[in-house]
Amino acid sequence: MFKITRRGALQGGLAVAASVGAPAIVRGQTRPSAARTIRAVFHGDVPTYDPIWTTANMAAYAGGMVYDTLFGIDEQQNPKPQMVGKWGLSDDKLKYTFELRDGLKWTDGTPVTTADVLPSLKRWAARDGGGQHMMLRVKDIAAKDEKTFTIELKEKYGLVLDILAKTSTPVCFIMRKKEAETDPMQKIEQVVGSGPFKLNLDETKPGTQYVYDRNPDYVPRSDAPSGIAGGKVVKVDRVIFVNMPDAQTAVAAVQAGEIDFYEIPPTDLLPQLEGDKNIKIQVLNPLGQVGQIRLNFLHPPFDNEKARQAMLYIVKQSDYMKATFGDSKYAKVCPSYFGMGTPMENDANTDWFKGGQNFAKAKEMFKEAGYDGRPIVLLQATNIPYMNNSAMILAQEMRQVGLNVQVEPMDWSNVVQRRANKAAPNQGGWNIFITSSGGNAIGNPILLAAHAATGDKAWFGWPSDAKQEELRDKWAVADTLEARKAVGRELQANAWKFVPQLYYGQWVQPAAVRSNINGLLPVAEIIPWWNVTKG
Amino acid sequence: MIAYIVRRLISMLPVMAVVALFVFLLLHLAPGDPAAIIAGDNATVENIAAIRKALGLDEPLWKQLLVWVWSLIQGDLGKSMFWNEPVTTLIRQRMEPTIALAGTTLFFAVAIAITLGVTAAARVGTGIDRFVMGLAVVGFSVPVFVTGYLLIFLFAIQLKWLPVQGYTPIAEGVGPWIHNLVLPSIALGLAYVALIARITRTTMLDVLAEDYMRTARAKGVAPRPMLLKHALKNAAVPIVTVIGIGVALLIGGVVITETVFNIPGIGRLVVDAIARRDYPIIQGVIMLFSGVYVLVNLLVDLSYTVLDPRIRY
């Protein structure tokens, strides 16, 4: 009969302990050391591996690790060649010729060719507003050989390089032909990139962590890194995107050194983090976010220009910024339609701002607009603090003018669903919702969908203004920065007249970074992990 | 007995069917659109519509329900709308941390709670009794996330004894595995300890007042065997019932604890899925939790036959 002895039990226990520990020892030999691994927590989870399928920034963060772009925006917002080596523009400015640089290789070992680039451009353009804007002016995209391709235009268009280089989502990432030929409305199945990192699927656990290992076959450019342009030299072995939705836990984890980077520490905890000598507070996206109050053009009262203009006299941006950020150095007011600090920032038609909040004037204008006291439905996203606070302030300000505001609290995902509803506000539609966009995108009249004033085809709120569209087209063909700035002034003067949206401020989100992490590059809307060192 | 078990297992089917229907309708009739979330903030109405079509969300509700139920009958919980991975794979990946957390919590909470409850009953009216009951009130009143943050602040940030967050699989060593589980288990177990300790004390006091206990005392049975062999065994049925009912409390607590301590378990999976309206994951996990709860209740019922020989099915 089988008999359990004390010695036998001890031996058995040791054997189990040894076998349980063994896999760790085996893995320990292949895993990079902690000193060569960066653990980073961002504002959200990676929603999909397909960066073309969504406009969510996290998909671009993940895409930027494994994919490369033909051009990249540098720190001064200038497009610079990235996968492209030599390039040229014909004298009539209608034909671009691009040659891929040497050494580009997919992580499956095959070379990157124009056979990959062409379908990538088509798939991306099918989903991207900027891409679609460009494609309307493109006559033909053709491959001359494995390394050279051309983009031929129907008319002069000054934005080709800017659009190929942009960091606003979806970014024009180049994919392998196999994935690039996927229906743009379907997700890609495999992640095979030619970028500075490769996704380690064995250690990645969707929703928990995404493991990116240095791509040893990546050949960086020789020029210095700047923005997402220049040499993407990877100086660590591994970067792990950790999904940690609880802000309090993430702050504690960065304080304890369990993570190296936290993108969005809450503003009220910043003083606590600033006092920690092991942590530095860094602003990586200097243009930050611009808060938008979006008005619905389809229904009264905001189908009337006068009522929309009146809103400019109601909103006092400094109150909104104070409510969310306190007396923070990270927030400011934003009277420019193109955001503060962007190349297009200007002060055209901003008397409403200079004159300050004016309830009496607003009241008068609503009267002129024929406001009849009907409820104005304001969607309040209660789970996003700055949107929640801003909705409460806006409702109060509007009530002070005698407007009948009906605040409808819900979570952000419900706002996202509800805002697409074109029905009347009392039948499931809406009058106002609050959101924000990247300052970088706000500064570009073409790339941000919210700037279009194409009525039914425009972004939520469906603003319609022929002059705005005419000016946007004029801006797109302007070929110098000065010319663009001049059109930018005209655009702003017109925008603050027909008022497609209002702003409630602009702010930057400082990140909490362990003090031994260096080399993070300031870029709008993507966080690059090349050039970064640990220790 | 076998016939009873089979009958109970068969009776699970209509329960699970009602749960399935309820969960499906609740999710699909509630506001929120996964396609809009996937598309991102700058997406146009056309983009969102295209994604909705790709996900099959443009189909009539009854058709979506039939497709899901048919898959369910075949043992297929569907695929995540976001990661394109089968829900069963995602649940399998997240199973270990949840079982580890719930298991260790259950084990230690039951051991500690019964000890406290028996001690309080044996010393009724004394300082020990009042202390244990005070502890139980606090344990039951303080929410898991408050306890969690306080534990993190004290033991991880100030004393640096334990990690703030995360989970180490047992395959990477028993030491690191336990290291990661200590704080979440305490945070999760506190309410459970309070519940079981209170019911243990109350039931023990009832049993201790019975005639046969007085007889045992009169016959000179020593206090410890009297408490553990005579009283506790007779008090076991209600205690085990509460332990079983408390599994629901534990499941709810796991969801919060995993979020606070960033443990990649099933609780986190479902919280993330709810925020994104990833219907297949939410439906799959709720079906799993419901099944576990029904099975635990069955086990509790079966345990009565062992604890009280008078009970027969």
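Mentor: Start with contact: two residues are in contact if their C-beta atoms, placed from the backbone, lie within 7 Å. This is a predicted model, so local features need pLDDT of at least 70 and side-chain atom pairs pLDDT 80 or more, while totals for chains, interfaces and linings use all residues. Residues count from 1 along each chain as its sequence is written, and chains are lettered from A and ligands numbered from 1 in the order in which they are written.

Trainee: Which residues is A:Ile174 in contact with, leaving aside its neighbours within four places in sequence?

Mentor: Among them are A:Tyr67, A:Leu70, A:Met83, A:Val117, A:Ser120 and A:Ser194. Take A:Ser120: it sits 54 residues from A:Ile174 along the chain, yet their C-alpha atoms are separated by 5.4 Å.

Trainee: Why is A:Ile174 called buried?

Mentor: Buried means 20 or more other C-beta atoms within 10 Å of a residue's own; exposed means 12 or fewer, and partly exposed is in between. A:Ile174 has 26, so it counts as buried. Over chain A, 50% of the 535 residues are buried.

Trainee: What makes something a strand or a helix?

Mentor: Both are DSSP runs numbered from the N terminus: helices are H or I with at least four residues, strands are E with at least two. A:Ile174 belongs to strand 9 of chain A, residues 173–174. Chain A has 17 helices and 23 strands.

Trainee: In what order do the four strands of the open sheet in chain A come?

Mentor: They go 5-6-8-7, with antiparallel pairing. Strand 5 (84–89) and strand 7 (138–143) of chain A each have a single partner strand, so they stand at the edges with one side lacking a neighbour in the sheet. On average, neighbouring strands are turned by 15° against each other, direction ignored. For such angles, axes are lines fitted to C-alpha atoms (for helices, over the stretch in contact), and values run from 0 to 180 degrees between N-to-C directions.

Trainee: How do you know that strand 6 and strand 8 of chain A pair?

Mentor: Pairing takes at least two bridges found by DSSP. Strand 6 (residues 95–100) and strand 8 (residues 148–153) of chain A have five, in the antiparallel sense, so they pass that test. A:Lys95 has A:Glu152 as its bridge partner, and A:Phe98 has A:Phe149. Strand 5 of chain A is joined to strand 6 by four bridges, also antiparallel, with A:Trp87 opposite A:Phe98. In the hairpin of strands 5 and 6 of chain A, five residues lie between the strands, and A:Lys93 takes a positive phi near 60°.

Trainee: Which residues are on the covered face of strand 6 of chain A, and which on the uncovered one?

Mentor: A:Tyr96, A:Phe98 and A:Leu100 are covered, whereas A:Lys95, A:Thr97 and A:Glu99 are uncovered. In a regular strand, side chains alternate between the two faces of the sheet.

Trainee: How is chain A divided into domains?

Mentor: Domain 1 is 40–240 + 513–534 and domain 2 is 289–507, with bounds from an automatic or database domain assignment. Their centres are 32 Å apart, taken over C-alpha atoms. Their contact takes 13 residues from domain 1 of chain A and 12 from domain 2.

Trainee: How many residues does each chain give to the contact between chain A and chain B?

Mentor: Chain A gives 39 and chain B gives 44. Helix 1 (6–30), helix 7 (247–255) and helix 14 (412–418) of chain A each supply at least two residues of chain A's side.

Trainee: Why is helix 11 of chain B called largely enclosed?

Mentor: Eight of its 11 residues (266–276) are buried, so the rest of the structure largely encloses it. The buried ones include B:Ile266, B:Leu269 and B:Val270. Helix 5 (87–122) and helix 10 (223–260) of chain B are among what covers them. Just after helix 11 of chain B, B:Arg277 takes a positive phi of about 60°.
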